[in-house]
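Please report on selected local features of this structure. Keep it short, and give the cut-offs for the terms used.

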Amino acid sequence: METSELIPLCDIIARIRSHSPFLTNLLDREPALVEGLEAALDDPAAAARVEGDLPAARRLRLERRRLALLVAIGDLSGRYGLTRVTNLLSDFADSAVDRAIRAAILERTPDAEPVGFAAIGLGKLGSRELNYSSDIDPILIFDPETLPLKPREESGEAAVRIGRRMVELLQARDADGYVLRVDLRLRPSPEVTPIVLPVEAAISYYESQALPWERAAFIRSRACGGDAGLGAYFLEAIRPFVWRRALDFGAIGEIHDISRRIRDHHAQGQAFGPGYDLKRGRGGIREVEFYAQIHQLIHGGRDPALRAPATRDALAALAGAGWIDPENASALIAAYERFRTVEHRLQMVDDRQTHSLPADPAALANVAALDGCDTDALIASLRPHVDRVGRVYDDLAGDGSERLSGDTDTLQQRLAEAGFPDPANALRLIETWRGGGYPALRTSTAREALESVLPGLIQAMGEAPDPAHAIARFDAMLAKLPSAINFFRLLEAQPALARLMSAILCHAPTLADALGRRAELLDGLIDASALKPVASVADLVAEMRRRERGGDYQWQLDHVRRLVNEKRFALGTQVVAGASDPLTVSAGYARVAEAAIETLARATIDEFEIAHGRVPGSELVILALGRLGGQALTHASDLDLIFLFTGDHMAESDGAKPLGAVTYYNRLSQRITGALSVPTASGPLYEVDTRLRPSGAQGPLSVSLDGFRRYQEEDAWTWEHMALTRARPVFGSPEARTQVAAVIAEVLGGKRPDRDVIAEAGKMREEMATHKPAKGPLDAKLLDGGLVDLEFAVHTLQLKHRTAFASYLPDAIDALVREGHLAPGMLGAHDFLTRLLVTLRLVAPDSQPPSPATRPLVARAVGVETWDEVVAELDRVRQEVRACWAAIRARS
């Protein structure tokens, strides 16, 4: 089947220059190779070799570059068929892996024989079917008895160092390119195991713990570099694991599980046409490979002739033995050849490891032109193959109904009764889970554990405001979990935790969204401390400051984000579970934020001082205002901060790159703001609002304490003094905090412009109501008679009477009530409104009435029995607050 008309080389070079930037670059960099192209194509492996005394890595990169050019020209011109292309690429990969292993060993132990270390090639490397821009998937093993070691070196550590150096030699990039991408994740439990395994431990794993997909992976396996004897020993030892002579019911079930996982997990939504994934799409490369491997697993244990690693060889052998239809085999072989050829064209354009037809018409036309046709012809050449492979694979995979024999109707009926608007779609997701469609469900033990908790989860998710959304969130969560056995067992053993998990999915879209984005938040829920009050700020800081060996500033940013997001998630869960008073949770949110500020500000300062040193006699102080200053955040709160610095504003830092104090602290404050707000790989942290600083957004980000004092005493508006009533230093030395607190106390105590506080506060509240109206009928913050009105009342009275100054609002309210300035019911009003705000930020962030299923949760959180009582109490409290605020305004 691998026959094609030869095309003149000059035409191919012209085609390359028009349609492949990557190959064009190689043509320009290898003029000598191009001049002798005809001879080079006769023996490309020899022509690609580089002579001379060069470092191992550079030699490999140059040889890979030269071979890539020759293979592409040979392929495009019709001189090489698919087998020769893949064999040339695979043989070079073998050589590169072997030379990299030898170099890594000899760099460490120059006089030793490079033995005791081997690479086992899996996937397309194992079957000598590498594609044009493929990564390689080796498993690295070592023999502790024969691996060369340095004096007093432990063999496991030496093996890992050799493995890392091997990978570095192969995939490090420079101006000459790279050699190979290396993926070591096919080894057992890659999340916890070292990158190189002792050979006996690896054998023991595959004999006793390996998974069905690993059986399939080892169909295409061979020793591809390093100690050939060690590699052969390992493969022989695990042969019974791969090729089992007898198939029991469990093994057949495993095979169906693998088949279903490939179809469900990779092929959904991948219709043929522009954007089609040649590798994972329905009717694509993966299904051809798996069709062969499934039959090999079934029959290869008894017939060694069926154990061919290469896909087309395996299909031919299976057809020859009568296990598959010969016409199907021929159709799959032809499809495979066309798919792989077009896949190579995709990768030749920019040397990218891509498998999808471009969705962009121009890019798709470019690929077609590189293949020597137009877009319509390219699509037409693929379509019948995709259709045929899809039909053949459908016959193998089936629709999954037989796996739920007797249960499908019952389950669909239950899903409908539970409230799912689309029971068929919900059932499809459940079948994916039951079929082991995700890594966490790959073992029969995990799936059995799932079955034990599934009925309760279905019922709970059906009660969610949007059951389809809830089950989709649970599906997204399962997809990201590396393991679920312990989690399911925990849910089974502790029904309260199972109900909690269901409650999150059903009632708290804010938390469900967070869980969908970062499934690792589940780890915090499994911890028994998740439903306990958050630790003190000092203890939180100690936890956040812990740094792993070698952890740098970026690691610290990620570490704090992980901890903060886990703790915020756990705090929100406490409200959903009814485990904590929302007022306690609100204070916990604030402690977590304060600890994050302390930790990241200190880490940023340490990093900043490396280049710029310190400003003598000066330091940074961070002032918290708003809800953070008042120690009462919600899940969605941003951080209102002001950056101040003590000392002489004319001073200069003493570092290698000195800065004036004003510039120094403004740059430092910008970096701290970024540390607190910029998303990293571990997710976002907080929104930071610095508009309450002197002169607002028009002023500098950081001001001196003297400048801050002058501004507050001479220029600040009434609303700025109102904000100052909840100001609280959250970063700085005790001495600096005391200085700042003294300035604030003087200003609030009367050292400020004499203004009509009540009139100005009333006017400002009216403007705020106009420009920032309530979001919905349950907006406990912005509704008239809500928290903002109550806060205005409190702060106006504080400034008017110069009394009861406390950043924690309940303390201020209590003092004003005792002094007779405020109505006695305002403390209860504050507590009710705050509980409602904290709860609704989780369950109804749009401030609209939640679903009937969620309303009892809200009632419980605010301390009443029914939803009607929630509504009635909100109306009553608002009337009281409105009356209180109106009475204060009338005193103007």
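## Helix 28

Helix 28 covers residues 553–577, 25 residues in total. Its first and last C-alpha atoms lie 36 Å apart, close to the expected 36 Å. That expected span is 1.5 Å times one less than the number of residues. Helices here are DSSP runs of H or I with at least four residues, strands are E runs of at least two, and both are numbered from the N terminus.

Of the 25 residues, 21 are buried, so the helix is mostly covered (buried: under 20% relative accessible area; exposed: over 50%; partly exposed in between; 1.4 Å probe, protein chains only). At the helix start, a side-chain oxygen of Asp552 comes within 3.3 Å of the backbone nitrogen of Gln554. Gly578 follows the helix, with a positive phi near 70°.

## Basis of the model

The model is predicted: local features need pLDDT of at least 70, side-chain atom pairs need 80 or more, and totals for chains, interfaces and linings use all residues. Residues are numbered from 1 along each chain as its sequence is written, and side-chain values use heavy atoms, without hydrogens or water.

## Strands 1 and 5

Strand 1 (residues 117–122) pairs with strand 5 in the antiparallel sense, over 4 bridges. Pairing requires at least two DSSP bridges between two strands. Ala118 sits opposite Gly226 of strand 5.

Strand 5 spans residues 222–226. It is largely enclosed by the rest of the structure, because 4 of its 5 residues are buried.

## Arg338

Arg338 belongs to helix 16 (residues 326–350). Arg338 is buried, at 19% relative accessible area. It touches Asp371, Leu378, Ser381, Leu382 and His385, leaving out residues up to four places away in sequence. Contact means heavy atoms within 4.5 Å.

Methods. Polar contact = N/O pair within 3.5 Å; in protein donor to acceptor, adjacent residues only side chain to side chain.
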